[in-house]
Amino acid sequence: EEDDENDGNDNNESGDDDICQPQALRRPEDAPKPPKGAVHPSLGSAGHAGGACKRCCFFSRGKCANGYECMFCHYDHDKRKRRT
């Protein structure tokens, strides 16, 4: 008798493809939201007050697909100076 639930070829143990979707395929509007009580808008924003963060170049354009899980800062930063 065959086991239809687990054929040994299932790489996604939870069976929920939406949660394990690769970031490159995730739309920005589907990005993880900060959990209730979160202090910062993204994980990478934690060092912002001390200047120990790197800005997320996608967030300001509304294109960050990593959301709260982004390792870059989602707070406002000064504009970058253009090279002359």
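**Figure 1. Salt bridges in the predicted model.** The structure, a predicted model, holds two salt bridges. Side chains of opposite charge can pair when their charged atoms come close. Arginine 27 takes part in a salt bridge with glutamate 29, where the closest N and O atoms are 3.4 Å apart. Arginine 27 also forms a salt bridge with aspartate 30, with 3.0 Å between the closest N and O atoms.

Figure 2. Arginine 27 has a relative accessibility of 46%, and aspartate 30 has one of 42%. Buried means under 20% relative accessible area and exposed means over 50%. Arginine 27, at 46%, therefore counts as partly exposed. Aspartate 30, at 42%, counts as partly exposed because its value also lies in between.

**Figure 3. A nonpolar patch on the surface.** The patch is formed by Leu43, Met71 and Phe72. Together these residues have about 310 Å² of accessible area. Phenylalanine 72 is partly exposed, with a relative accessible area of 40%.

**Figure 4. The largest pocket and its lining.** Rolling a probe the size of a water molecule over the atoms shows where empty space is left. The volume of the largest pocket is about 260 Å³. Its lining includes Arg55, Cys56, Cys57, Phe59, Ser60 and Arg61. Cys73, His74, Tyr75, Asp76, His77 and Lys79 line the largest pocket as well. Sorted by class, the lining has five nonpolar, three polar and four charged residues. Among the charged residues of the lining are Asp76 and Lys79.

Methods. Residues numbered from 1 in each chain as written. Predicted model: local features only at pLDDT ≥ 70, side-chain atom pairs only at ≥ 80, totals over all residues. Heavy atoms only, no water. Patch = residues over 30% accessible without salt bridge, like charges linked within 9 Å, V, L, I, M, F, W, Y side chains within 5 Å. Areas by Shrake-Rupley, 256 points an atom, 1.4 Å probe, with all protein chains shown as cover. Salt bridge = Lys/Arg side-chain N within 4 Å of Asp/Glu carboxyl O. Buried < 20%, exposed > 50% of the residue type's maximum accessible area, 1.4 Å probe, protein only. 1 Å grid on protein atoms, 1.4 Å probe; cavity = no way out; pocket = protein on both sides within 12 Å on 5 of 7 lines; lining within 4 Å. Points joined across faces, edges and corners; volume = space filled by probe spheres on them.
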